[in-house]
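I opened this entry to look up how the parts of one chain sit against each other, and I note below what I looked for and what I found.

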Amino acid sequence: MSNPRVAIIGATGAVGRIALQILEERGFAMDSLRLTASHRSLGKAMTYKGEEIIIEATTPKLLAECDLAFVSANDDISLEIGVLGPQQGCVVIDDSGVWRMDPSVPLVVPEINADDVGGHKGLLAIPNCSTTPLAMTLAALGANNPVKRVIASTYQSVSGTGAAALAELNTQAAQVLAGEPITAEAYPHQIAFNVLPHIGSLKEDGYYSEEVKMRQETQKILHQPNIAISTTCVRVPVPICHSETVNIEFERPVSPVEARKLLAEFPGITVIDDPANSEYPMPINAAGTDATYVGRIRQDSSHPNGLVLWIVSDNLRKGAATNAIQIAEEIVKQRAWLR
Ligand SMILES: NC(=O)c1ccc[n+]([C@@H]2O[C@H](COP(=O)([O-])OP(=O)(O)OC[C@H]3O[C@@H](n4cnc5c(N)ncnc54)[C@H](OP(=O)(O)O)[C@@H]3O)[C@@H](O)[C@H]2O)c1
């Protein structure tokens, strides 16, 4: 049986680079690997398994010569390749937000809804990087005790905005420490030594788009459109990993002991919860790993059926590249590509 021919569209970006690394780490079997990026990167080389691969342009011919494409570029490219890829016989796994809520596009976290992969029509999407760890936590805890309401606040790293924002954090930190004037392009304000309660575009109801995505995507992945979810998304000057505080109200009471057990048993979740010894998940430990880490699990003092907890997850890995590659693994397992 042949293996898929694969492309990474946006291979030089924050997520694309990690995807290349994870394909190698996981030993993803491929008959060929093509890499594309913008005109700025054409002709440059990236290394896969010690071999150089030259960056190409994204053309219909390239897509026709591939079975699977990871699209990790920007909204315009995702809109275009989401249509062109399937037309050329190439299954697209899209990282952007443009296709996620399309009813014909499976939005997949394989630990939760791998069964949705089989229904694809050539295009699948990964969730937003702050949605994935929340959805996994709710899936773990809500299997036998339905979740009624969720209040979440996020602490999201700058790599969630891409490679340019990560570089800007480093530049600004150096500028502040040197007493130099700040240059700010990635965000409307300085991010170094600051926090911004603003991710995405403002909606009429006062929420920013990232907050709407967390709500709608979580409901879609869990197949539970009636869970009440309100989030506040905040950008913090952390390089990699998104953190979240989450208050969850269940139909019935759940003890922290029971919650720790359910979470520890769920695939992809690791519990680190020993606050007396100052042990809890933190970005500096979670960065570069694939688990969704949960800690600070306690009864919500404001509701008898409530829990409060703290989640940390690497936004470039499980929040993006790892999840996309897990979807590809499901497609291969189910032999669900187009040719
Ligand atoms: N960052 C995260 O944590 C995260 C998490 C989940 C989902 N996502 C989504 O993943 C996607 C990529 O995000 P990122 O953070 O990796 O962004 P990024 O660091 O800004 O990288 C963007 C990539 O797109 C490439 N690109 C630009 N124009 C292109 C074109 N015409 N054809 C092909 N490639 C082109 C860039 O190439 P050059 O290097 O040549 O400019 C670069 O490789 C976005 O849709 C984002 O919403 C990101």
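Which residues in α5 meet which residues in α8? Working from a predicted model, I looked up this pair of helices and found that Thr137, Ala140 and Leu141 in α5 meet Ala259, Leu262 and Leu263 in α8. I sorted the residues of this contact by kind and noted five nonpolar, one polar and no charged.

Next I turned to the geometry of the pair, since two packed helices are described by the angle between their axes and the distance between the axes. For helix α5, residues 131-142, and helix α8, residues 256-265, I found that the axes come within 8 Å and cross at roughly 115 degrees, and I recorded the crossing as right-handed.

I then stepped back to the domains. The protein is divided into domain 1, which takes in 5-127 + 320-333, and domain 2, which covers 131-315, and I noted that their C-alpha centres lie 25 Å apart.

How many residues of each domain are in contact with the other? I found 17 residues of domain 1 in contact with 20 residues of domain 2. The area buried between the two domains is about 1,400 Å², and carbon and sulfur atoms give 63% of that area. On the side of domain 1, I wrote down Met101, Glu111 and Ile112 as the residues that lose the most area to domain 2, together 36% of what that side buries.

Last, I looked for salt bridges between domain 1 and domain 2, and the count is one. I also noted that Arg100 forms a salt bridge with Glu217, with the closest N and O atoms 3.0 Å apart.

Methods: Residues are numbered from 1 along each chain as its sequence is written. This is a predicted model: local features need pLDDT of at least 70, side-chain atom pairs count only at pLDDT 80 or more; totals for chains, interfaces and linings use all residues. Side-chain values use heavy atoms; hydrogens and water are left out. Axes are lines fitted to C-alpha atoms, for helices over the stretch in contact, and angles run from 0 to 180 degrees between N-to-C directions. Helices (H or I, at least four residues) and strands (E, at least two) are DSSP runs, numbered from the N terminus. A crossing is left-handed if the near helix is turned anticlockwise from the far one by less than a right angle, and right-handed if clockwise. Contact means heavy atoms within 4.5 Å. Ala, Val, Leu, Ile, Met, Phe, Trp, Tyr, Cys and Pro count as nonpolar, Asp, Glu, Lys and Arg as charged, and the others, Gly among them, as polar. Domain bounds come from an automatic or database domain assignment. Buried area is the accessible area (1.4 Å probe) that two parts lose on being put together, summed over both. A salt bridge is a side-chain nitrogen of Lys or Arg within 4 Å of a carboxyl oxygen of Asp or Glu.
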